[in-house]
Amino acid sequence: MTTVAESGTTADEFRNDLRAWLDENDLSPGPDHSLPAHIEQMSRVRRALYDAGWMRYGWPEEVGGLGGSVIMRMIVAEEVLGRNIAEPGPYSMMEVLVPTMISYARPELAAEMVPRYLRGEEHWCQGFSEPGSGSDLASLSTKATRRADEWVINGQKVWTSFAQFSKRCVLLTRTGSPETPKHEGITAFFIDMDSPGITVRPLHTMHGVDEFCEVYFDDVVVPADRMLGTPGDGWRLANDLLPFERSTCFWQRISYLFTRLDRLITDETDAGDSELGAAYLALHTVRCRSASTQHRFADGAKLGPETSIDKVLLAGAEQRLYDTARDVLPGVLELDETPWRSEFLYSRSATIYGGTAEIQRNIIARRLLDLGKE
Ligand SMILES: Cc1cc2nc3c(=O)[nH]c(=O)nc-3n(C[C@H](O)[C@H](O)[C@H](O)COP(=O)(O)OP(=O)(O)OC[C@H]3O[C@@H](n4cnc5c(N)ncnc54)[C@H](O)[C@@H]3O)c2cc1C
């Protein structure tokens with residue numbers, strides 16, 4: 001039996017108490033399925049869970065948490081997404097950005113900002129990718145120039161998820177001189193998205209949602225105390241953050257995907273068991289892998305390149321599920337206005353976001369299997 005708090009509470013007891021609370025407190029979303037409505041619902045869910053304590057378990061007390069094992073966060077995420085009361089995309093940002101803030105922000109800044117995020121008072125985004133720097137992130141060129149006690153930022157980010165709803169951004173910039181090796185000249189900031197000089201332009205995706213944005217920076221001034229870490233720490237921060245984006249943040253997504261598999265089983269009439277079985281097997285495999293990653297993390301392991309395995313499995317399972325939906329619901333994706341269509345289209349991005357499938361396989365080959373240098 002897994003104990004998740006110093007009081008001796010077990011994982012099962014925690015889950016049962018949470019379930020009872022969720023049964024009593026109806027957080028079902030309304031009929032509006034637009035992205036702004038999803039974001040609003042996310043805020044509502046986080047606030048209710050925070051005020052009742054649930055959203056605070058598994059986070060350190062210094063940032064408004066109630067302590068305990070990270071397994072508690074995993075249980076909350078699983079129960080929330082398993083009930084479809086929040087969308088997996090916006091929810092996943094928490095497991096990516098909050099640990100980074102705790103590790104890299106000044107303690108006072110983390111103590112001020114993290115509770116606002118956990119309580120759903122604000123959303124944050126991740127400004128890493130640029131038009132010419134995705135897989136080769138270290139080539140990024142958005143420039144931050146020091147000016148007394150502040151930094152001035154110029155450049156452009158792209159594919160910044162939910163930037164139009166975000167109050168802050170974890171931003172990677174270049175601060176080194178042209179002679180500085182590219183990995184050493186990167187510095188991260190925690191910036192306010194309403195700073196003068198920031199322009200956010202949502203991009204319409206093929207699945208019909210303005211999920212991500214172009215973000216432009218024209219002489220944007222950031223106080224020096226908003227730096228995350230020290231000058232030149234940006235690459236280290238990115239390498240600490242990306243393992244979360246490739247593993248722990250997916251636990252709740254897997255939970256959501258299982259609800260879609262259940263739904264598929266209810267919706268379809270003629271599918272062979274083997275097709276649904278293959279989708280189930282792929283989901284079950286990534287769930288097992290993800291559970292083991294979460295437990296390693298809870299036991300104090302530092303996550304690293306091995307999380308590329310989680311990412312490859314997740315992307316494969318997600319696409320397998322929606323390929324199965326396309327096959328066993330003939331014509332539905334093509335002809336009907338159904339969530340299956342937009343979800344099928346969105347699933348194509350699973351082999352891109354958080355680092356493409358090719359890059360993950362490169363990492364597995366080079367860093368885990370020692371199959372030669374890049
Ligand atoms: C839904 C979604 C949400 C996203 N959200 C964010 C966000 O919030 N913040 C953010 O910063 N970014 C975000 N991204 C961007 C994402 O991180 C990048 O798209 C990704 O890293 C790939 O970069 P790229 O698009 O520039 O493709 P490129 O790097 O240009 O790659 C193009 C193709 O070339 C292949 N390739 C490139 N280099 C190699 C190599 N060395 N070996 C083999 N193949 C290679 C790639 O695998 C890919 O198939 C998001 C992307 C998506 C799809």
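The model is predicted, and local features require pLDDT of at least 70, side-chain atom pairs count only at pLDDT 80 or more, and totals for chains, interfaces and linings use all residues. Residues are numbered from 1 along each chain as its sequence is written, and side-chain values use heavy atoms, with hydrogens and water left out.

Two further polar pairs involve serine side chains. A polar side-chain atom of Ser-135 is placed 2.6 Å from an oxygen atom of the ligand, while an N or O atom in the side chain of Ser-161 lies 2.8 Å from a nitrogen atom of the ligand.

The ligand is surrounded by 18 residues, each with a heavy atom within 4 Å of it; Ser-129, Ser-135, Trp-159, Thr-356 and Glu-358 are the closest. This shell comprises 7 nonpolar, 9 polar and 2 charged residues, where Asp, Glu, Lys and Arg count as charged, Ala, Val, Leu, Ile, Met, Phe, Trp, Tyr, Cys and Pro as nonpolar, and the others, Gly among them, as polar. Because domain 2 (125-238) and domain 3 (246-368) both contribute residues to the shell, the ligand lies between them; the domain bounds come from an automatic or database assignment.

Definitions and conventions. Polar contact = N/O pair within 3.5 Å; in protein donor to acceptor, adjacent residues only side chain to side chain.
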